[in-house]
Amino acid sequence: MVQGVPPIPASLPAEVRRYTESRTAAFLDWHPTRRELLVSTRFGNVPQVHRVAAPAGARTQLTFFEEPITRAVYHPRDGRSFLFLKDVGGNEFAQIYRYDPDGRTVLLTDGGRSQNDLPVWSRAGDRVAFGSTARNGADRDVWVMDPAAPSARRLVMQNTGGGWR
């Protein structure tokens, strides 16, 4: 029970909303061949990936999910596609997706109850390495896959614990 505190007017949330509903933009990645970048910003309810194609240019929204997208990396050679993480319903089981030039997104990891880290591209752009709990749901192992053929992913290092990234 609270004592000595005056009643809070019902109008207060509406009055302060303009101060609490601010938007930020977070840098995600530079395009490898053009002067543009990816940012994560909230225009609707949750942050999504946007492209900014020129200095001081307008943003173009690329992803349109109900879940927030706050991490993405361009393909290191041509930047035609990018990889990003997304979970479902805030379950914290982030999965890796590929965003293709036509706007299509492709799930690259198991889509289940594994936690996956944002991949690191090889210099050639033909594969990525990432941490994942896919093997047993607890230990974060290192996996390698070709994002164009994700079913051929392979476990390259088993770990005990969760600190590998």
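**Questions and answers on the model**

Me: What relative accessibility does Arg34 have?
Reply: Arg34 counts as partly exposed, a class that lies between buried (under 20% relative accessible area) and exposed (over 50%), with a 1.4 Å probe and protein chains only. Before we go on, note that this is a predicted model: local features need pLDDT of at least 70, side-chain atom pairs count only at pLDDT 80 or more, and totals for chains, interfaces and linings use all residues. Residues are numbered from 1 along each chain as its sequence is written, and side-chain values use heavy atoms, with hydrogens and water left out. For Arg34 the value is 46%.

Me: Where in the chain is confidence lowest?
Reply: The score to look at is pLDDT, the predictor's confidence in each residue, from 0 to 100. The chain averages 92, and 98% of the residues score at least 70. Where pLDDT is low, the predicted coordinates should not be read in detail. Strand β5 (residues 72-74) has the highest confidence, at 98, while the lowest, at a mean of 83, belongs to helix α1.

Me: Which residue forms a salt bridge with Glu36 with the closest N and O atoms 3.2 Å apart?
Reply: A salt bridge needs a side-chain nitrogen of Lys or Arg within 4 Å of a carboxyl oxygen of Asp or Glu, and a search of the whole structure finds nine of them. Glu36 is itself buried, at 7% relative accessible area. At 3.2 Å, its partner is Arg34.

Me: How many residues apart in sequence are the parts that Glu36 and Arg51 tie together?
Reply: Glu36 also forms a salt bridge with Arg51, where the closest N and O atoms are 4.0 Å apart. Because Glu36 sits in the loop between β1 (25-30) and β2 (37-42) while Arg51 belongs to strand β3 (residues 47-52), the pair links separate parts of the chain. Arg51 is partly exposed, at 28%. The separation in sequence is 15 residues.

Me: Which residues do salt bridges that share partners join into one network?
Reply: Start with a pair: the side chains of Arg127 and Asp126 meet in a salt bridge of 3.4 Å, N to O. Both residues are partly exposed, Arg127 at 41% and Asp126 at 37%. The network is made of Arg98, Asp100, Asp102 and Arg104.

Me: Which residue stands opposite Trp143 in β12?
Reply: Strand β10 (residues 128-132) is joined to β11 (residues 141-146) by five bridges, with Phe130 and Trp143 as bridge partners. On to β12: four bridges join β11 to β12, and these two form a hairpin with two residues between them. Opposite Trp143 stands Leu155.

Me: How many residues does the largest nonpolar core have?
Reply: A nonpolar core is a set of buried Ala, Val, Leu, Ile, Met, Phe, Trp, Tyr and Cys residues joined through side-chain atoms within 4.5 Å. In the largest one, the residues with the most contacts inside it include Leu83, Val128, Phe130 and Met145. The strands β6 (82-86), β10 and β11 each supply at least two of its residues. Another core, of eleven residues with Ile69 and Phe84 among them, lies apart from it, but the largest core has 13.

Me: By what angle are neighbouring strands of the sheet β5-β6-β7-β8 turned against each other on average?
Reply: This open sheet has antiparallel pairing, with β5 and β8 (105-107) at its edges. With direction ignored, the average turn is 25°.

Me: How far apart in space are Arg23 and Arg42, C-alpha to C-alpha?
Reply: Arg23 lies in the loop between α1 and β1. Not counting residues up to four places away in sequence, Arg23 touches Arg42 and Phe43, where contact means heavy atoms within 4.5 Å. Arg23 and Arg42 are 19 residues apart in sequence, and their C-alpha distance is 6.0 Å.

Conventions
Two strands pair if DSSP finds at least two bridges between them. Axes are lines fitted to C-alpha atoms, for helices over the stretch in contact, and angles run from 0 to 180 degrees between N-to-C directions.
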